[in-house]
Amino acid sequence: MREKLGLEQPERSIGLAAHDFAMLAAGRDVLITRAAKVEGAPTIASRWLQRMLQLTAGLGSPSPRAVCP
């Protein structure tokens with residue numbers, strides 16, 4: 001139905017967003033942030049962010065935990 005109406009598939013916008021993020025995250029100096037609390041309640045980092053923290057720690061790279069208390 002979307003094709004008949006000339007609309008793109010939703011997967012295309014997801015793919016474009018992923019591409020944009022990958023291109024920006026590959027920059028020399030990148031700052032990725034997240035909320036530590038929402039309405040006073042602590043939040044849990046996404047699995048992706050937890051994996052990135054483990055990877056940077058394993059490579060001996062400075063991690064966001066070292067930069068931000």
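Which residue just after H2 takes a positive phi? The residue is Gly 60, with a phi of about 75°.

## Basis of the report

The model is predicted: local features need pLDDT of at least 70, side-chain atom pairs count only at pLDDT 80 or more, and totals for chains, interfaces and linings use all residues. Residues are numbered from 1 along each chain as its sequence is written, and side-chain values use heavy atoms, with hydrogens and water left out.

## Overall architecture

The chain contains three helices and two strands, arranged from the N terminus in the order α-β-β-α-α. Helices (H or I, at least four residues) and strands (E, at least two) are DSSP runs, numbered from the N terminus.

Of the 69 residues in the chain, 7% are buried. A residue is termed buried under 20% relative accessible area, exposed over 50%, and partly exposed in between (1.4 Å probe, protein chains only). The chain exposes about 6500 Å², of which carbon and sulfur atoms supply 61%. Such areas come from the Shrake-Rupley method with a 1.4 Å probe; for residues, only the protein chains shown count as cover.

## Helix H2

Helix H2 covers residues 47–59. Its 13 residues should span 18 Å at 1.5 Å a residue, and this agrees with the 18 Å between its end C-alpha atoms. The expected span is 1.5 Å times one less than the number of residues.

Three residues of H2 are buried: Leu 49, Leu 53 and Thr 56. They lie on the same side of H2 because they cover an arc of only 70° around the axis; the arc is that of the directions from the helix axis to the C-beta atoms. An α-helix has 3.6 residues a turn, so residues three or four places apart point the same way. The face turned away from the buried side of H2 carries the exposed residues Arg 47, Arg 51, Gln 54, Gly 58 and Leu 59.

## Nonpolar patch and aromatic pair

Phe 21, Val 30, Ile 32, Trp 48, Met 52, Leu 55 and Leu 59 make a nonpolar surface patch of about 650 Å². Patches consist of residues with over 30% relative accessible area and no salt bridge; like charges are joined within 9 Å, and nonpolar side chains (Val, Leu, Ile, Met, Phe, Trp, Tyr) within 5 Å. Helix H2 supplies the largest share of the patch, four residues. Val 30, in the loop between helix H1 (10–25) and strand S1 (37–38), is partly exposed at 39% relative accessibility.

The whole structure holds one aromatic pair. The ring centres of Phe 21 and Trp 48 are 5.5 Å apart and the planes stand at 75°, so the pair is edge-to-face. Rings of Phe, Tyr and Trp (its six-membered ring) pair if their centres lie within 6.5 Å; planes under 30 degrees apart count as stacked, over 60 as edge-to-face and the rest as tilted. This pair links distant parts of the chain, with Phe 21 in helix H1 and Trp 48 in helix H2, 27 residues apart. Phe 21 is partly exposed at 42% relative accessibility, and Trp 48 is partly exposed at 38%.

One salt bridge is present, a side-chain nitrogen of Lys or Arg within 4 Å of a carboxyl oxygen of Asp or Glu. Arg 12 forms this salt bridge with Glu 8, and their closest N and O atoms are 3.2 Å apart.

Most residues other than glycine have a negative phi. Glu 39, however, has a positive phi near 50°. Glu 39 is found in the loop between S1 and strand S2 (41–42) and is exposed, with a relative accessible area of 85%.
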